[in-house]
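The following report describes one protein model with its ligands. It begins with the annotated domain and then turns to the recorded positions, the ligand surroundings and selected local elements.

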Amino acid sequence: MADVVESYSYEDIEAISKFLLERCRHRPKIGIICGSGLGGLADTLQEQEAFPYESIPKFPVSTVSGHKGRLVFGVLSGKAVVCMQGRFHMYEGYSMAKVTLPVRVMKLLGVETMLVTNAAGGVNQDYVPGDIMIIKDHINFPGLCGNNPLRGPNNEKFGPRFPAMNDAYNAKLRASLRAAAKLCGLSDHMKEGVYAYLGGPAYETVAELRFLKAIGVDAVGMSTAPEVIVARHCGMKVCGLSLISNKGIMEYDPSLVIDHSEVLEAGRVRAADIQSLVSNLVKLIDE
Ligand SMILES: O=P(O)(O)O[C@@H]1C[C@H](O)[C@@H](CO)O1
Ligand SMILES: Nc1nc2[nH]cnc2c(=O)[nH]1
């Protein structure tokens with residue numbers, strides 16, 4: 001008998017999505033997860049219907065500043081979307097099942113395309129704060145050691161036991177993101193690269209950042225990969241964006257520091273640009 005890993009049954013997730021569908025008139029095919037400091041996007045939706053996480057049965061709650069903790073339905077660029085205005089992280093003490101629960105709920109709401117956003121530290125030395133990285137691929141460090149969100153009994157109703165991840169970030173959506181960036185004059189700030197997911201909550205040591213750089217990582221953060229794995233497992237198309245909020249500190253210079261307020265400030269500075277990038281992307285998504 002295998003050890004028991006916390007999980008939600010298909011029926012649990014169906015009950016949550018039914019709860020939402022009964023109370024909301026929107027039927028979104030596009031889901032958006034807002035990263036640290038990027039939740040303002042949800043406030044721009046038209047015809048909003050918002051559900052604080054506390055009001056949704058069995059939902060975790062947000063505990064990190066910059067994550068408001070609401071599921072917001074509405075209309076963006078003429079299309080129905082649902083936004084997570086705040087996500088859940090493993091470092092908050094949540095199991096992988098809780099971190100990724102909203103993705104499966106979105107699946108049963110009818111979401112087919114997922115845009116995942118985050119704030120991340122720049123590892124690539126060419127990146128500067130304010131750059132926006134289209135995620136081309138990820139390295140899931142906790143997953144490499146066995147803490148994969150799909151660990152535990154597989155639910156075939158969601159997807160296969162051994163899902164492929166070589167094409168996790170949809171190439172057509174990445175091209176649409178580049179096109180959207182051009183439409184809103186952001187091309188000069190766009191990068192495309194590899195995101196590394198580390199458990200956090202401590203930021204990286206100098207040695208860890210040098211290691212990440214050596215293995216080809218461009219940006220580092222504490223989220224996204226688990227959500228993307230679960231979204232791909234259940235057949236969603238995925239694209240991802242990292243707002244580079246700070247440069248990774250690669251030198252032994254104690255005068256250099258990073259803290260979460262810097263990460264949130266970077267989100268404030270780029271809020272309008274990210275909103276216009278995402279609304280242009282949504283225009284380009286085929287439903
Ligand atoms: O939710 P995201 O990944 O955008 O948040 C990043 C990673 C940590 O949660 C936090 C660190 O400042 O920002
Ligand atoms: N792990 C990690 N997450 C971040 N989120 C925003 N900046 C950073 C960073 O430098 N490191």
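## Annotated domain

Over residues 29–281 the chain is 30% helix and 26% strand, and the end C-alpha atoms of that stretch are 14 Å apart. The range comes from an unreviewed UniProt entry, which lists residues 29–281 as "domain: Nucleoside phosphorylase". The model is predicted.

## Recorded binding-site positions

The unreviewed UniProt entry lists Glu204 and Asn246 under "binding site".

Glu204 is placed in the loop between β7 (190–197) and α6 (206–214). Because 20 other C-beta atoms lie within 10 Å, Glu204 is buried. Leaving aside neighbours within four places in sequence, Glu204 is in contact with Leu198, Leu209, Val220 and Gly248.

Asn246, by contrast, belongs to strand β9 (residues 237–247). Asn246 also counts as buried, because it has 21 C-beta neighbours inside 10 Å. Residues up to four places away in sequence not counted, Asn246 touches Gly121, Gly122, Pro129, Ile258, Glu262, Val263 and Ala266.

## Surroundings of the ligands

Ligand 2 is surrounded by 15 residues, of which the closest are Ala119, Gly121, Val220, Gly221 and Val263. Two or more residues of this shell come from each of β5 (113–122), β8 (219–221) and β9. The most is given by β5, with 3 residues. By class, the shell around ligand 2 comprises 8 nonpolar, 6 polar and 1 charged residues.

Around ligand 1 there are 13 residues, and Gly35, Ser36, Asn118, Ser223 and Val263 are the closest. The elements giving two or more residues to this shell are β5 and α8 (260–284). The shell around ligand 1 divides into 4 nonpolar, 8 polar and 1 charged residues. Val263 is listed among the closest residues for ligand 2 and for ligand 1, and Val263 is also one of the residues that Asn246 touches.

## Helix α5

Helix α5 (residues 171–183) has 13 residues, which at 1.5 Å a residue should span 18 Å; the end C-alpha atoms are 19 Å apart, which agrees. Its buried residues are Leu173, Ser176, Leu177, Ala180 and Ala181. Seen down the axis of α5, these residues fall within an arc of 140°, so they line one face of the helix. In general, an α-helix has 3.6 residues a turn, so residues three or four places apart point the same way.

The buried residues of α5 pack against β6 (132–140), β7, β9 and α8. On the face turned away from the buried side, α5 carries the exposed residues Ala171, Lys172 and Lys182. Just after α5, Gly185 takes a positive phi of about 70°.

## The loop between β9 and α8

Glu251 lies in the loop between β9 and α8. Is this residue, Glu251, buried or exposed? Glu251 is exposed, because 10 other C-beta atoms lie within 10 Å, and residues with 12 or fewer are classed as exposed.

Leaving aside neighbours within four places in sequence, Glu251 is in contact with Val206 and Leu256. Glu251 and Asn170 are 81 residues apart in sequence, and their C-alpha atoms are 35 Å apart in space.

Conventions:
Residues numbered from 1 in each chain as written. Chains lettered and ligands numbered in written order. Predicted model: local features only at pLDDT ≥ 70, side-chain atom pairs only at ≥ 80, totals over all residues. UniProt positions renumbered as here; feature names shortened; annotations may be inferred. Helix = DSSP H or I, 4+ residues; strand = E, 2+ residues; numbered from the N terminus. Contact = placed C-beta atoms within 7 Å. Near = placed C-beta within 6 Å. Nonpolar A, V, L, I, M, F, W, Y, C, P; charged D, E, K, R; others polar. Expected span 1.5 Å × (residues − 1). Arc of directions from axis to C-beta.
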